Amino acid sequence: MRGVLVIFVTAAMASDGWDTLWWLPSDGDVTPGKQVASHKTMPHLMFVPAGPPPAGGWPLLVFLHGQGESSPTPLPRVAIQGPPQTCGRAPGTMKMAVLSPQKPMSSQFYDNDVADNIEALVDMYVASQKLDVRRIYLTGLSQGSIGTWNLAAARPAKWAAIAPVSGGLRPPFKEAAAALKDTPIWAFHAPNDVILPVAI
């Protein structure tokens with residue numbers, strides 16, 4: 001089955017200009033209009049749009065990847081899907097800064113050490129770039145969506161809104177949900193998801 005999947009993905013890449021992954025980021029300092037990879041504080045990708053920011057600064061979207069992109073997977077592979085893919089393939093369409101941290105395979109995004117590092121990255125970029133501290137958003141998919149729900153529940157004051165994709169809260173559910181009562185949430189989850197069911 002794995003061989004069939006690889007053939008399918010390769011065909012899809014070739015038909016959509018994916019025959020080379022030219023848009024995957026390389027190491028570098030923050031450069032407006034270009035996504036770069038960095039290992040400061042924790043491995044992450046960072047994108048800041050080109051051009052003058054809006055009044056108050058660019059909004060910041062923090063994107064949490066799925067399990068398959070966890071370290072030791074090479075950091076640039078975090079850009080295979082979601083917002084960091086758009087930052088690489090079509091940077092001119094992104095009207096917000098995007099921070100994409102990479103966690104170790106053995107950790108969760110909501111673990112205190114990982115959460116502390118993500119918060120330190122956010123604070124570092126808010127201090128060094130023209131970002132709007134009132135518009136910091138959190139999203140993620142699969143394991144990153146679990147991270148989105150639970151990181152937001154643990155530190156709700158940090159996020160203007162969250163948009164989890166296929167994930168959920170960990171117990172105790174009532175306490176976690178209560179922590180998010182004032183947080184705007186736009187959640188996405190397929191009703192036929194067999195990996196992370198929409199309800200338990």
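Reader: Where does Pro-172 lie?

Author: Helices (H or I, at least four residues) and strands (E, at least two) are DSSP runs, numbered from the N terminus. Pro-172 lies in the loop between β6 and α5 (173-179). The peptide bond that leads from Pro-171 to Pro-172 is cis, with omega near -5°. A word on the source: this is a predicted model, in which local features need pLDDT of at least 70, side-chain atom pairs count only at pLDDT 80 or more, and totals for chains, interfaces and linings use all residues. Residues are numbered from 1 along each chain as its sequence is written, and side-chain values use heavy atoms, with hydrogens and water left out.

Reader: Which peptide bond is cis, with omega near 25°?

Author: The one from Ser-71 to Pro-72. Pro-72 is placed in the loop between β3 and α2 (83-89).

Reader: Where is the place of Thr-41?

Author: Thr-41 is in the loop between β1 and β2. Its phi is positive, about 70°, although Thr-41 is not a glycine. Ser-142, another residue other than glycine, has a positive phi near 55°, and Ser-142 is in the loop between β5 and α4.

Reader: What is the order of the strands in the open sheet?

Author: The general idea is that strands of a sheet pair through backbone hydrogen bonds, either parallel or antiparallel. Here, two strands pair if DSSP finds at least two bridges between them. The open sheet has six strands in the order β1-β2-β4-β3-β5-β6, with mixed pairing. Its edge strands, β1 (36-38) and β6 (161-165), each pair on one side only.

Reader: How many bridges join strand β2 to β4?

Author: Four bridges join β2 (residues 44-47) to β4, and the two run antiparallel. Met-46 stands opposite Leu-99 in β4. By contrast, β3 and β4 run parallel and are joined by three bridges; there, Leu-99 is the bridge partner of Val-62. β3 also pairs with β5 in the parallel sense, over six bridges, and Val-62 stands opposite Leu-138 in β5.

Reader: Which residues point one way from β4, and which the other way?

Author: In a regular strand the side chains alternate between the two faces of the sheet. From β4, Ala-97, Leu-99 and Pro-101 point one way, while Val-98 and Ser-100 point the other way. Five of the five residues of β4 are buried.

Reader: Which residues touch the most other members of the largest nonpolar core?

Author: In soluble globular proteins, nonpolar side chains tend to be buried together. A nonpolar core is a set of buried Ala, Val, Leu, Ile, Met, Phe, Trp, Tyr and Cys residues joined through side-chain atoms within 4.5 Å. The largest one has 27 residues, and those that touch the most other members are Met-46, Leu-60, Val-62, Leu-99, Ile-118, Leu-138 and Trp-159. Two or more residues each come from β3 (58-64), β4 (97-101), α3 (112-128), β5 (131-141) and α4 (143-154). The largest share, six residues, comes from α3. A second, separate core has eight residues, among them Ala-37, Leu-75, Val-78 and Ile-80.

Reader: With which residues is Trp-159 in contact, leaving aside neighbours within four places in sequence?

Author: Contact means heavy atoms within 4.5 Å. On that basis Trp-159 is in contact with Val-62, Ile-136, Tyr-137, Leu-138, Leu-151 and Ala-152. Lys-158, in the loop between α4 and β6, touches Glu-119, Val-122, Asp-123 and Ile-136, again not counting residues up to four places away in sequence.

Conventions:
Buried < 20%, exposed > 50% of the residue type's maximum accessible area, 1.4 Å probe, protein only.
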